Amino acid sequence: MPVEITWWGHATCTVEDSGFRVLTDPLFAPRLAHLRRRRGALPPPEAAVADAVLVSHLHADHLHLPSLARIAPGTRVLLPRGARRHVPGLARRLSHLHLIEVVPGDEVRVGDLVVRVVTARHDGRRLPVGPHGTPALGFVVRGEARTYFAGDTGLFDSMADEVGDVDVALLPVGGWGPYLGHGHLDAARAAVALARLAPRSAVPVHYGTYWPIGMDAVRPHEFHTPGEEFVRQAARLAPEVAVHRLGHGESVRPEVTKGEPQ
């Protein structure tokens with residue numbers, strides 16, 4: 001069965017592999033605090049259908065309780081260790097889900113898939129007052145393909161070694177505001193990460209979806225151009241990688257090698 005990647009906007013993707021659906025950082029809201037969705041229709045109800053959900057860190061645009069509340073009862077949700085303790089109301093509002101707190105190095109089986117947890121370099125605490133020490137995570141989903149979801153991360157020296165060989169990389173290339181702080185990838189740094197990881201295919205995510213209300217005219221290129229810029233930089237640094245720049249709600253079936261036997 002072909003592996004299919006669907007980008008719903010921001011860091012929300014569906015990875016369908018071996019007949020199982022894995023959903024990343026679900027965010028289905030038209031507005032979140034000071035952010036509004038500026039591009040792309042809201043994901044349809046079928047976007048919330050998943051066999052497992054991966055949450056990369058505790059920021060509200062990645063661990064969004066109302067969006068997670070739409071997931072079917074009993075679905076496994078992989079969360080950074082400390083999520084229940086540091087996110088008010090999480091255990092109560094998501095009591096219908098099977099919450100599994102994980103750290104880098106853990107592996108969780110989802111049907112015929114194995115999800116391996118890897119390191120991310122990012123401030124993973126629940127802002128604005130959450131304690132430090134809660135890890136930000138990436139994930140490698142292994143089935144017919146090996147798909148790396150980076151979550152939110154900066155570039156770090158051991159990235160390629162920790163992630164290992166992958167077929168598809170879902171890489172953040174921007175953000176939701178005019179400036180990217182420490183612990184993020186912009187288009188240029190994401191292309192450097194791509195060259196180090198050397199997957200067969202890549203999909204840029206985490207750009208061109210949400211933007212602060214009233215700031216449409218402030219550095220608008222940071223909203224509009226990261227996807228195109230990543231394609232350009234990737235062609236220069238990693239020309240052997242097929243980059244698929246998707247529109248919101250679009251899917252791709254990337255060419256992959258068969259994953260490791262389970």
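## Buried face of helix α5

A residue is called buried here when its relative accessible area is under 20%, and in this predicted model that description applies, within helix α5 (residues 187-197), to Ala187, Ala190, Ala191, Ala193, Leu194 and Leu197. These residues lie on the same side of α5, because the arc that they cover around the axis is only 160°.

The elements that cover the buried residues of α5 include the strands β12 (146-149), β13 (168-172), β14 (201-205) and β16 (242-243), together with the helices α4 (159-163) and α7 (226-237).

## Ends of the helix

At the start of α5, the backbone nitrogen of alanine 188 has a side-chain oxygen of aspartate 186 within 3.3 Å. After the helix comes alanine 198, which has a positive phi, near 50°.

## The sheet and its edges

The model contains an open sheet of 7 strands with mixed pairing, in which the order is β9-β10-β11-β12-β13-β14-β16. Because β9 (107-110) and β16 each have a single partner strand, they stand at the edges, and one side of each is left without a neighbour in the sheet.

Within this order, strand β10 (residues 113-119) and strand β11 (residues 137-142) run antiparallel and are joined by 6 bridges, and threonine 119 stands opposite leucine 137 in β11.

## Placement of α5 on the sheet

Helix α5 lies across β12, β13, β14 and β16, and runs at about 160° to β13. Of these strands, β16 is an edge strand of the sheet, and β12, β13, β14 and β16 are among the elements that cover the buried residues of α5.

Technical notes:
Residues numbered from 1 in each chain as written. Predicted model: local features only at pLDDT ≥ 70, side-chain atom pairs only at ≥ 80, totals over all residues. Heavy atoms only, no water. Buried < 20%, exposed > 50% of the residue type's maximum accessible area, 1.4 Å probe, protein only. Helix = DSSP H or I, 4+ residues; strand = E, 2+ residues; numbered from the N terminus. Arc of directions from axis to C-beta. Contact = heavy atoms within 4.5 Å. Polar contact = N/O pair within 3.5 Å; in protein donor to acceptor, adjacent residues only side chain to side chain. Pairing = 2+ DSSP bridges. Axes fitted to C-alpha atoms, helices over the stretch in contact; angles between N-to-C directions.
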